[in-house]
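Good morning, and thank you for coming. I would ask you to look at the structure on the screen while I go through a few of its features.

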Amino acid sequence: MRKIYDAVIIGSGAAAYSAADWLFKENITDIAVITENRLWGTSRNTGSDKQTYYKISMDGFSQDSPYKMAEDLFSGGSTDGVKALVQSANSARCFMRLYEYGVNFPRDNFGGFPGYKTDHDNTCRATSVGPLTSKIMTEKLEEKVLFSNKTPLLDNRQVVKIITENNKACGVVVLNKETDAFEIIEAENVIAATGAPACIYEHSVYPESQHGMTGVLLDAGVNLCNFSQWQYGMSSTDFRWNVSGSFMQVIPRFVSIDEAGNEYEFLAENLGDKANDFVFLKGYQWPFSFDRMNASSQVDIAVNEEIKQGRNVYLDYTKNPENYCFENLFEEAKEYLTKTDSVAPTPIERLEKLNPKAIDVYLRQGIDLHKDKLKIAVCAQHNNGGVYTDMYYESYVVENLYVIGEAAGSFGLVRPGGSALNDTQVGGLMCAKHIKNKKSEKTPCVKAEKIADCFRKISDDFQVDETVDYSFVKKQMSNFAAFSRDKEECEKLLSAIRKILENYPTKHKDISSYFYDKDMLLSAEALLVAIIEEMPVTGSRGGAFFKENGKVKAENIEMRKDLTISDNTGIYFQRVNQIPVFDEPFEKYLKLQSE
């Protein structure tokens, strides 16, 4: 008899384990977690100076509510109000589960959870357990899922296809990376928690182990929502890490070095007397923002221009910028450094006072900020868009296919820093509740064996070729389709990608990379289509500016009322759902609860 799971969860990060645990709590236990490598992925391998978790205020004195939080999530533009309320209404429940599982978020003497201000938000909802917040979340959830719940883990399996029948997901095809054989895994429900298509950019802060699976999802027939909306920001490149928060607030020296070894301090020349103030502000205005293009985001532009001239750009914590004077800083910077007892002669001394754990992150990688310069670039960091899903994170197009975490299109033009970690937990909860309330038939998939035969043929026909190299695609994507977007160059690259895909080669260095590269090309193609068709209408906005015929196109503010939906024919705009408002008597809900 063929094994059919109630659900399979693809991925082994914070979102995947969240879904597995919430399913178990709903008494759906015939499930499995599928992953290429348990230790890969973004959740376990990324962070920042104090990686942020954004939640509803629970400090005991801030006036907050789910509706207020939803308003802040919604206010950035092109955001679904229903999804915003879902994320905020379930925030406290999901946050407290993590705390009870051992994620030791700071508490005050009265039991409250103090917070701080994060980027794209003016409240103090942010919290953190340090640079490795998502890693600790993942480890604590994994401990619960694998050891307490005893959910099976199917490791070393690369998902290469989602099996659908009658527009319903009914399983997956995986490449067993130990045997190079294809396997069919059938399930009533498929939950993809595989992160963003990190593979499409050369300049990326995503860990190198993070590939994403958006191409596989596109192949299954899903639509995308706001796929063009990304976050880009300054990050170290030899070791991939956001240089946000404390790394900027201590005001390091920015220096570029040309091929001859000549050093240039370029910020003051480009930004004048505002340079150091803008660097400080990048601490919590870290992502590039078109709205701040004439303010703190000028730092990103200046860094990128140096790199385009063939220079390498570094942060130097051993010396102050040449025009640094504490007394000349603007009041917010002076007040912050004074209040945190971080006034000191050099950036490294200020960082030691403000956040010594940030120094330790690099020491563990063999980089000593006391003496080493830190190579940086403006890198892709987060996809605000992704697969178009409903309030339960189920695809609008493919039934029984749920997409959670960064692979889902949960956000609009901007999002508060750390809201993605909240979303990983809420997404798992919502899809588990929806699956619980559905009728399960556990019907074998008729197509499964035919699909298995097709993949066996790929395996039989596969030939090794060490010369296949699509790195030029990633380079061009970083140059022309990241925070600085050029319509004409995007069109050239799209044409080149489509020519490759027309006769996609069976020759690769190995069969696994054959699927990685195809996924990258499909994801890049979808992003380029979204940019080329959307931004002439919307203009520059969110995390990118858009040039057409060499001129930066201004934002069409009216388009913030719409979502951008991508399907296999192109893109279309859809008016956002407003935040729901309820005015029902309590007794109605009490009656529903009893039933």
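Let me begin with the term pocket: on a 1 Å grid over the protein atoms alone, a pocket is an open set of points with protein on both sides within 12 Å along at least five of seven lines, whereas a cavity is a set of points where a 1.4 Å probe fits but cannot get out; lining residues have an atom within 4 Å of a point. Grid points are joined across faces, edges and corners, and a volume is the space filled by probe spheres set on the points.

This is a predicted model, in which local features need pLDDT of at least 70 and side-chain atom pairs count only at pLDDT 80 or more, while totals for chains, interfaces and linings use all residues. Residues are numbered from 1 along each chain as its sequence is written, and side-chain values use heavy atoms, with hydrogens and water left out.

The second largest pocket has a volume of about 650 Å³. Its lining consists of 16 residues, and those nearest the centre of the pocket are Asn-90, Met-391, Tyr-392, Met-430 and Lys-433. Two or more lining residues come from helix H4 (81-89) and from helix H15 (419-436). Helices (H or I, at least four residues) and strands (E, at least two) are DSSP runs, numbered from the N terminus. H4 gives the largest share of this lining, 4 residues.

How many cavities of 30 Å³ or more does a search of the whole structure find? The search finds 2. The largest cavity has a volume of about 80 Å³. Among the residues that line the largest cavity are Arg-253, Phe-254, Glu-265 and Asn-323. At least two lining residues each are supplied by strand E12 (253-257), helix H9 (267-271) and helix H10 (275-281).

Next, the charged pairs. The structure holds 36 salt bridges, a salt bridge being a side-chain nitrogen of Lys or Arg within 4 Å of a carboxyl oxygen of Asp or Glu. One of them joins Lys-436 and Glu-26, with the closest N and O atoms 3.2 Å apart. Because Lys-436 lies in helix H15 and Glu-26 in the loop between H1 and E2, the pair ties together parts that are 410 residues apart in sequence. Glu-26 counts as buried because its relative accessibility is 17%; buried means under 20% relative accessible area, exposed over 50%, and partly exposed in between (1.4 Å probe, protein chains only). Lys-436, at 45% relative accessibility, counts as partly exposed. Leaving out residues up to four places away in sequence, Glu-26 touches Ala-432, Lys-433 and Lys-436, where contact means heavy atoms within 4.5 Å.

A further salt bridge links Lys-177 to Glu-36, with the closest N and O atoms 3.4 Å apart. Lys-177 is in the loop between strand E7 (168-176) and strand E8 (181-192), and Glu-36 is in the loop between E2 and helix H2 (42-45), so this pair ties together parts that are 141 residues apart in sequence. Asp-49 and Lys-50 also meet in a salt bridge, at 3.7 Å from N to O. Asp-49 is buried, with a relative accessible area of 4%, while Lys-50 is partly exposed at 25%. Salt bridges that share partners also join Arg-253, Glu-263, Glu-265, Asp-316 and Lys-373 into one network.

Which charged side chain lies nearest to Lys-55 with opposite charge? It is Asp-59, 6.8 Å away, and Lys-55 is buried yet has no salt bridge; in this count, Lys and Arg are positive and Asp and Glu negative, and His and the chain ends are not counted. Lys-55 sits in the loop between strand E3 (53-54) and helix H3 (66-74). A polar atom of the Lys-55 side chain lies 3.4 Å from the backbone oxygen of Arg-125. Leaving aside neighbours within four places in sequence, the contacts of Lys-55 include Met-69, Phe-95 and Thr-127.

I close with the backbone. Most residues other than glycine have a negative phi, and most peptide bonds are trans. Ile-251, however, has a positive phi, near 55°, and so does Asn-549, also near 55°. Is each of these residues buried or exposed? Ile-251 counts as buried because its relative accessibility is 0%, whereas Asn-549, at 62%, counts as exposed.

Terms used: A polar contact is a pair of N or O atoms within 3.5 Å; within protein, one must be able to donate a hydrogen and the other to accept it, and residues adjacent in sequence count only if both atoms are side-chain atoms.
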